[in-house]
Each structure stands twice: as structure tokens, then as C-alpha cells.
2 protein chains.
Amino acid sequence: MTTRVLGIDPGLTRCGIGVVDVERDRRARLVHVGVIRSPADADPGVRLAMIAAGIRVVLDEHAPDVAAVERVFAQHNVASVMGTAQASGVALMLAAERGLPTATHTPSEVKAAITGYGSADKAQVQHMVARVLGLPEAPQPADAADALAIALCHAWRSGAAPAAEALTATPAQRAWAAAEKRSRVARTYVRTPR
Amino acid sequence: MTTRVLGIDPGLTRCGIGVVDVERDRRARLVHVGVIRSPADADPGVRLAMIAAGIRVVLDEHAPDVAAVERVFAQHNVASVMGTAQASGVALMLAAERGLPTATHTPSEVKAAITGYGSADKAQVQHMVARVLGLPEAPQPADAADALAIALCHAWRSGAAPAAEALTATPAQRAWAAAEKRSRVARTYVRTPR
């Protein structure tokens, strides 16, 4: 079974957006990657509308099954964090309106999922994204590669267990993983009026 | 000339929304007030889609000329500030997509505009909102009254000069106000593709 995952690294100046097809055995294929930009001198509402328009194009063209957005923290760069949070809200809303389940992952969850440790640097994450997707080099700019990393992280954390882990898991670990998976499926989507 | 102003006090649990008609001489009339709610146990994307659906209903029914949203600060309650920022992003985006100019105002700007001083408490703001709009009492809950306060603040700060100030302004003050008004008009809206 292939899951098509939309990953978004939210931002007003550069919003990374990527789509990957991920198999249950963790194999992954690049479907789309890009960056949506908006001019810093535009009205905040207009900037968010430009980001929304770009996200809608990708939703329309690639019809992902699920959306994952990087979680924004208030502790980060205060100057830009509010714009980043606003863009993440727009992304989550648009995906939910299409009926997609949505999830957020922290930067360290993404790093841990992709490289094996949560304090990996950006270059290591980008290197692994390129390797997993069989790309000659990491997509540029970094926001584009980050969006793919978020999508891969989500796919791997939510079902496509690593083959090696599956082989070494104890029966208790496998039972816990199965229960956890059932509880995820139970969180069904509520369609809201357009 | 009457300006119809949409005011939004963003939030995920309760999003205050109000519409007022404001005359150039600061007189104002209540058009709509309400609160859009979303359940705390729903998916963040679904919650934002519910808020969006409620905002769209008000945009459709009341066709405001301009939208004002309370500005969110990272320093506030960290537990809820990200959801509040996400809701504000959705509100600004929806208004801009309809072609409305959007603006944000800080809580102290709103308090100063409504009561005359930036450190007024919530009860004072609510009292003045009711008085300005000729209501027997302030709309409940507080988020609804706050949304009206934001709308009134925006109208008064951006054109509808207080009658008393207009009478006492010096020629230089009036020239500055006129130039400032022209520069505002020059910031034209850029329509983005749907």
C-alpha cells in the first residue's frame, strides 16, 4: 500500500512544500517539491493568500492522502514566528477542508525520524532526504528539502515501520504498535461545511 | 460615507467575530456579533476549518469593506498562542482572498482607541463598546465584545477621525492626516489566484 504524504515547512517568505509516495516498507518516491514565496512588503493577508493559493495547486495536482506540517514553537525567532504560525494554520486548514488527516511534528521528531538522532544538523537531514528519495542531490532551497523530510517523518512515524525494527521487535512491542495504529485510525476526520 | 468593518478576536476554542458600520463622524452601528467555536479534542486542522467556515459565513452575509484582526504576540500564554496565531492567519487569508484590505492591531491599541487609555481592563472596553453601539449591555462572551472593539478601533484609527479632534486639529495636523490617508489608499490590494 502506498501513502501519498504532503509535507509543509511553513513560512511567509518561503514555504517549503513536498509530496512523497511512501510504501509500507519505508521505500519512498519523490512526487513534487517546491517553495511558495510571498513578498515581504505585501499585506500579511495577501501574503497568506498567496501561500494558500500555492498549497491549493499542490493539493489539486497531487491529491495527497495525508498532510504533515512542521510544528511552530513560540520560543523560536520571535520576529518571524507569528508569520510562520499563521502560515501553518492556513496549511492545516486547507488540508482539513479537503478531508485529509493532518498532523504536526517538531523539528527534532523530523530529524530523529530521518537521520536517527534529534540533534542532526540541516545538512545531514538534507543528505538523508536525497538518499532516501534516490536524488542526485538535496532539493534547494533548504525549505524544500525540509518539507520532504516532514513528509517522510510523518509516513515513517505513522505506519510504515522500518524493516529492521519490525524484524527485531518483541511480541509486546508489536502488540503495542498495532494498538497504537488502531487508535490512530479511530481519530476519524469530521468534514466541515465549505 | 459608511465603512463596514469586520473585527476578529482570533482563537481556536472561541473566535470572536463582529461587524460594524462606522460613519466618518465615528458613529457606529452593530451589524453582526458572534463567536465561532471548535471542540478542543478535534484535530487542529479540523478546528481551523471550522473557524474558517464560520468566518466565510459572515463574509458572505455581511460583505464587509475591510477586516481587522487582533495581533498575537509570542510573549502571551504559550500554551494557546500558537493556535491563536494559526486562527489569525486563517482569518487574514480569508479576508484577503475576498479582496478586503487587512490590518492587525495590538490589544493596547484597541484599548486606547476605545477607552482612551491602553491599559484599560476588559470590563471598561466592553462597557464602551456597548455604549458606542447603543446596546443595553455588552455582547457576551468577552471574545464577541472584543471583536467589536477591534472593528471600532480599526475604523477610528484609519479615517473616521473623532469629531472633537477634527475641530481642534491644527492646519499641519490636518495636512498630515490627509497625506496619511492618501498613502493608505495607495496600498492597493493585489488579488491572488484562487
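What follows goes through the cysteines and then the sheets of chains A and B. The model is predicted, so local features need pLDDT of at least 70 and side-chain atom pairs count only at pLDDT 80 or more, while totals for chains, interfaces and linings use all residues. Side-chain values use heavy atoms, with hydrogens and water left out; residues are numbered from 1 along each chain as its sequence is written, and chains are lettered from A, ligands numbered from 1, in the order in which they are written.

Cysteines come first. A disulfide is a covalent bond between the sulfur atoms of two cysteines. Here it is taken as a pair of cysteine sulfur atoms within 2.5 Å, and the count over all chains is zero. A:C153 is in no disulfide, and the nearest cysteine sulfur, that of A:C15, sits 17 Å away. A:C153 is also buried (under 20% relative accessible area, with exposed over 50% and partly exposed in between; 1.4 Å probe, protein chains only), at 0%. In chain B, the closest cysteine sulfur to that of B:C15 belongs to B:C153 and is 17 Å off, too far for a bond. B:C15 counts as buried too, with 0% relative accessibility.

Now the sheets. Helices (H or I, at least four residues) and strands (E, at least two) are DSSP runs, numbered from the N terminus, and two strands pair if DSSP finds at least two bridges between them. In chain A, five strands make an open sheet ordered 3-2-1-4-5, with mixed pairing. Its edges are strand 3 (28-37) and strand 5 (102-105) of chain A; each has a single partner strand, so one side of each lacks a neighbour in the sheet. From one strand to the next, the twist averages 20 degrees; axes are lines fitted to C-alpha atoms (for helices, over the stretch in contact), and angles run from 0 to 180 degrees between N-to-C directions.

Strand 2 (residues 14-23) of chain A runs antiparallel to strand 3 of chain A, joined by nine bridges. A:V20 has A:L30 in strand 3 as its bridge partner. Helix 1 (residues 44-62) of chain A lies across strand 1 (2-9), strand 2 and strand 3 of chain A, at about 160 degrees to strand 3.

Chain B has an open sheet of five strands in the order 3-2-1-4-5, again with mixed pairing. Strand 4 (residues 66-70) and strand 5 of chain B pair in the parallel sense over four bridges, and B:E70 is partnered by B:H105 in strand 5. Helix 3 (residues 107-115) of chain B packs on the sheet, touching strand 4 and strand 5 of chain B, where contact means heavy atoms within 4.5 Å. The direction of helix 3 makes about 90 degrees with that of strand 5 of chain B.
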